[in-house]
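Let's take a friendly walk through a protein chain, from its overall make-up to a few single residues. Keep the viewer open beside the text as you read.

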Amino acid sequence: MADRASFNASGRVCGWLAGVALFCATMFLAQANAAAENSGYDPRTWSYDDARNIVLAPSDLEDDAGPEERVDWNPIPRTIVSYDGPEAAGTILISTSERRLRLVLDGGRALQYAVGVGREGFSWSGRDRISEKREWPDWRPPAEMIKREASKGRILPAKVEGGPDNPLGARALYIGSTLYRIHGTNQPWTIGEANSSGCIRLTNEDVIDLYQRVPIGAQVVVQR
């Protein structure tokens, strides 16, 4: 009987502890959700840093802060240009110095798009291929960035759903096994400038057009 009483008492203690743990977890999640709602996160003013795979708040260092919206912005139209180089049709050519992407076509032509590039140019030059394509890709802040922002009192969302407010824009074409992408942007006024940290940005309209023309496996040649 003593053993049974002891067993029942232990069970009640374990049940009480489990209830306390569940209550604490519920309160923590509620506080985290409330903090996220009041964190000030706004994908139109926070800047996505491609190379480090983080989102930067406007209050971060001036060089890293997201650019303000330009009300006088006008898109740079895509155009057909001459091409007499050695690359086969379907190859993507990126010139970081010219801030242009060219898709080689048949007949000595190429379709040219304006792009945004890294502040110090693309971090590599050479040849790779498109390894993956995604429409309206989700963006998940990495753990190290969530921790960094939390230390500043800002709680970031665990996932930014794909859509017009997503920093990766309407489409993303992934380059090989690298972290780099050719993607859209919700800051189209940055196109034609050197202000990202590595990835190549197009307007959402242009990246949708390119996405439809380029298959997985297409060659990508980056030139400075």
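The report below starts with the whole chain and then turns to its core, its charged pairs and some local details.

## The chain as a whole

Please keep in mind that this is a predicted model. The chain contains 3 helices and 13 strands. Of its 224 residues, 42% are buried. The accessible surface amounts to about 12,300 Å², and carbon and sulfur atoms account for 54% of that area.

In soluble globular proteins, nonpolar side chains tend to be buried together. Here the largest nonpolar core has 25 residues, and Ile92, Leu101 and Ile182 have the most contacts inside it. Several elements each supply at least two residues of this core: the strands β4 (92–95), β5 (100–105), β6 (109–114), β9 (171–175) and β13 (219–223), along with the helix α3 (204–213). Apart from this core lies another one, of 5 residues, including Tyr83, Val104, Ala110 and Val221.

## Helix α3 and its partners

Which residues of α3 are buried? They are Asn204, Asp206, Val207, Asp209, Leu210 and Tyr211. These buried residues pack against the strands β5, β6, β8, β9 and β10 (181–183).

Lys133 lies over the face of the Tyr211 ring, at 4.3 Å from the ring centre. Arg171 lies over the face of Tyr211 too, at 5.4 Å from the ring centre. As for pairs of aromatic rings, the structure holds 0 of them.

## Salt bridges

Side chains of opposite charge can pair when their charged atoms come close. The structure holds 9 salt bridges. In one of them, the side chains of Asp206 and Arg78 meet with an N to O distance of 2.4 Å. Asp206 belongs to helix α3 and Arg78 to the loop between β2 (54–56) and β3 (79–82), so this pair ties together parts that are 128 residues apart in sequence. Are the two partners buried or exposed? Asp206 counts as buried, because its relative accessibility is 5%, while Arg78 is partly exposed, with a relative accessible area of 36%.

Arg78 also forms a salt bridge with Asp209, where the closest N and O atoms are 3.6 Å apart. Since Arg78 sits in the loop between β2 and β3 and Asp209 in helix α3, this pair ties together parts that are 131 residues apart in sequence. Asp209 is buried, with a relative accessible area of 10%. A further salt bridge joins the side chains of Arg171 and Glu135 (4.0 Å, N to O). Arg171 lies in strand β9 and Glu135 in strand β8 (residues 126–135), so the pair ties together parts that are 36 residues apart in sequence. Arg171 counts as buried, at 11% relative accessibility. Salt bridges with shared partners also join Arg78, Asp206, Asp209 and Arg213 into one network.

## Local details

Most residues other than glycine have a negative phi, and most peptide bonds are trans. Which loop holds Arg99? Arg99 is placed in the loop between β4 and β5, and its phi is near 60°, a positive value in a residue other than glycine. Arg99 counts as partly exposed, at 30% relative accessibility. Trp136 is found in the loop between β8 and α2, and the phi of Trp136 is a positive value near 40°. Trp136 is partly exposed, with a relative accessible area of 34%.

One last stop is Ile146, in helix α2 (residues 143–150). At 30% relative accessibility, Ile146 counts as partly exposed. Ile146 and Pro157 are 11 residues apart along the chain, and their C-alpha atoms are separated by 8.4 Å.

Note on methods:
Residues are numbered from 1 along each chain as its sequence is written. This is a predicted model: local features need pLDDT of at least 70, side-chain atom pairs count only at pLDDT 80 or more; totals for chains, interfaces and linings use all residues. Side-chain values use heavy atoms; hydrogens and water are left out. Rings of Phe, Tyr and Trp (its six-membered ring) pair if their centres lie within 6.5 Å; planes under 30 degrees apart count as stacked, over 60 as edge-to-face and the rest as tilted. A charge sits over a ring if NZ of Lys or CZ of Arg is within 6 Å of the ring centre and within 35 degrees of the ring normal. Helices (H or I, at least four residues) and strands (E, at least two) are DSSP runs, numbered from the N terminus. Buried means under 20% relative accessible area, exposed over 50%, partly exposed in between (1.4 Å probe, protein chains only). Accessible areas come from the Shrake-Rupley method with a 1.4 Å probe; for residues, only the protein chains shown count as cover. A nonpolar core is a set of buried Ala, Val, Leu, Ile, Met, Phe, Trp, Tyr and Cys residues joined through side-chain atoms within 4.5 Å. Contact means heavy atoms within 4.5 Å.
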